Amino acid sequence: MALHALTIHEAAARLERGEITSLALTEAVIERILALDNDIQAYITLTPEAALEQARAADARRAAGERGPLLGIPLAIKDVICTQGIPTTCGSRILEDFVPPYDATVVERLRKAGAVIVGKTNTDEFAMGSSTENSAFFTTRNPWDLGRVPGGSSGGSAAAVAADECLGALGSDTGGSVRQPAGFCGVVGLKPSYGRVSRYGLVAYASSLDQIGVLAKDVTDAALLLGAIAGHDGRDSTCVDVPVPDYCAALGEGIAGLRIGVPREYFGAGLQPEVEAAVRAALDTLARLGAQVSEVALPHTEYALPVYYLIAPAEASANLARYDGVRYGLRVEASTLAEQYKQTRGRGFGAEVKRRIMLGTYALSAGYYDAYYLKAQKVRTLIKADFERAFEQADVLVCPTAPTTAFRIGEKVDDPLHMYLTDIFTLSMNLAGICGLSLPCGFDANGLPIGLQIMGRAFDEARVLQVASAYERATAWHQRKPPVGR
Amino acid sequence: MALSREEVEHIAELARLALSDEELALYQEQLSAILDYMQQLQRLDTAAIAPTATVLPLRSVMREDEPRPPFPHEDILANAPEPRDGCFAVPPVLD
């Protein structure tokens, strides 16, 4: 097998046995990127020289006796996560030339573990979008069909993993931005519980919802990546000080007797029939493996979308106030400071970011705060309570990741509400702060991957990974590769 | 929930966004449609429901107040559009 096609754990085993070097592995991944990325456009910034240097350093560390599952493994980082000395654009003109003076905590931890960073991946501007079409630079293409979107906002990371342009990647998930592109690209995407992973150095979109997640070729790799980045960090006061279990430990366990809840509200109108069939078949597989599958209710599901699109834009309008052309980023000169702010922001932000800033500003403004923002926060309480009740009856919940498979580039760009609906099955989890994972569970008639979503209680990522791993061992969907670069 | 042109201009002013006439017209239409969609929340009686601002138990997180070295001045100024004398230069605010 070509080196770029290896999973992290396969590559780690070969490195451990001395059959390959990180240098050879990293060179193979860079060659793969150079061969494919003109078509896929997963990367905004490539760092090949630095990557080769890190690979040599990883080989030296290994020669000195160091071990570790990520030592010498080439990874990609979504371009909303700060990397010292490497441009971090957030897919925005306003940060096009921004070079962070520090590493995000997750990047620091990956570097300490010996990972090799090959580049920064494309994203919808400030992670606001579901397709990467809101990137100020270009749209990433789905490796399964170059005419379709990879999903978003972590579409660059998902496409890069699917096309073997890295061995694994980091993304961020505010309303589904790791899981939905993972589903569209046929890879594994894990959104940890709110507070599981430090957000220090993640450029803020909606601070009560944002969480850094991982994109991987299989469940074992997702467990390895999560283990490397999870855990308390004094630099993020919302990063909770709870023990981090060994996420690989539960992977081989069976699921006999485990209670799986199926939220009935996730199987209504608008669900592509092939998606429903694949998810139902997956539930049958899980039942055959011994799980007890039963229906549960999440009665406020229909309100998740309006709640999300009030809370997230409100938080965004505050967070993005910092882009004022004073300390960093784009500046459009004007004769007064106030005019300079307006011109800088008017020119620097793209259409969707401006739309959300406007929406959030309105929801927070005098006279509308109670009717919109406070109302949304109250309904958020009801949505969270739905999950608490469901998790009394079930250990995990299983549903589709998205209502459809990947849509065509351009299909939804003119209709923001229609675009927002693509995240309808993922938003609630961010509102409730729980964890979840998407993994491939089939393909539609066009050969496009279908994602299965497994949701778990807050800080119960190990259980989610256990169920995902049991399903993955019983099926072969994750072994299929997209028709690129053959 | 039709927003007037004046309301959209007011929001843009609050958000410090310079918008073209075309953008103002587009956002007037799109924000009105989105806010219409949000109206469904009013169907729920939430009089007795507490708001959720964060899913974590609210608490102050404190650390020891120990001085630590700040970022080097030049690293921070390296991203500035107009650094001057170790500061960020902006147009005059006071006459």
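Two strands are said to pair if DSSP finds at least two bridges between them, and this is the sense in which pairing is meant in what follows. A case to begin with lies in chain A of this predicted model, where strand S7 (residues 259–263) and strand S9 run parallel and are joined by 2 bridges. Within this pairing, A:Gly261 has A:Leu397 of S9(A) as its bridge partner.

Chain A holds 15 helices and 11 strands, and its C-alpha atoms fill a box of roughly 65 × 50 × 45 Å along the principal axes. A compact globule of 486 residues would have a radius of gyration near 23 Å, and the 21 Å found for chain A agrees with that. Of the 486 residues, 63% count as buried.

S9(A), which spans residues 396–400, pairs with strand S11 (residues 449–456) of chain A in the antiparallel sense, over 5 bridges. In that pairing A:Val398 stands opposite A:Ile454 of S11(A). S9(A) is mostly covered, with 5 of its 5 residues buried. As for what holds such strands together, strands of a sheet pair through backbone hydrogen bonds, either parallel or antiparallel.

The next region to follow is the side of chain A that faces a partner chain. The contact between the two chains takes 53 residues from chain A and 40 residues from chain B. On the side of chain A that touches chain B, the elements that give two or more residues are helix H9 (304–319), helix H10 (337–348), helix H11 (351–364), helix H12 (369–393) and helix H13 (416–420) of chain A. H12(A) provides the largest share of that side, with 11 residues. Sorted by class, the side of chain A that touches chain B has 26 nonpolar, 17 polar and 10 charged residues.

H9(A) has 16 residues and reaches 22 Å from its first C-alpha to its last, close to the 22 Å expected at 1.5 Å a residue. Because 14 of the 16 residues of H9(A) are buried, this helix is largely enclosed by the rest of the structure. H10(A), with 12 residues, reaches 16 Å between its first and last C-alpha, close to the 16 Å expected, and its buried residues include A:Gln340, A:Tyr341 and A:Arg345. In helix H12 of chain A lies A:Glu388, which counts as exposed because it has 12 C-beta neighbours inside 10 Å, and a residue is exposed if there are 12 or fewer. A:Glu388 and A:Ile434 are 46 residues apart in sequence, and their C-alpha atoms are 9.9 Å apart in space.

Finally, a few places in the loops show particular backbone geometry. A:Gln41, in the loop between helix H2 (22–40) and S1 of chain A, has a phi near 55°, a positive value in a residue other than glycine, and A:Gln41 is buried, with 22 other C-beta atoms within 10 Å. The loop between S3 and H5 of chain A contains A:Thr132, whose phi is near 70°, again a positive value in a residue other than glycine; with 32 C-beta neighbours inside 10 Å, A:Thr132 counts as buried. A:Ser153 is found in the loop between strand S3 (116–121) and helix H5 (155–162) of chain A, and a cis peptide bond with an omega of about 10° joins A:Gly152 and A:Ser153.

Technical notes. Residues are numbered from 1 along each chain as its sequence is written. Chains are lettered from A and ligands numbered from 1 in the order in which they are written. This is a predicted model: local features need pLDDT of at least 70, side-chain atom pairs count only at pLDDT 80 or more; totals for chains, interfaces and linings use all residues. Helices (H or I, at least four residues) and strands (E, at least two) are DSSP runs, numbered from the N terminus. The radius of gyration is taken over C-alpha atoms; the globule rule is 2.2 Å times the number of residues to the power 0.38. A residue is buried if 20 or more other C-beta atoms lie within 10 Å of its own, exposed if 12 or fewer, and partly exposed in between; C-beta atoms are placed from the backbone. Two residues are in contact if their C-beta atoms, placed from the backbone, lie within 7 Å. Ala, Val, Leu, Ile, Met, Phe, Trp, Tyr, Cys and Pro count as nonpolar, Asp, Glu, Lys and Arg as charged, and the others, Gly among them, as polar. The expected span of a helix is 1.5 Å times one less than its number of residues.
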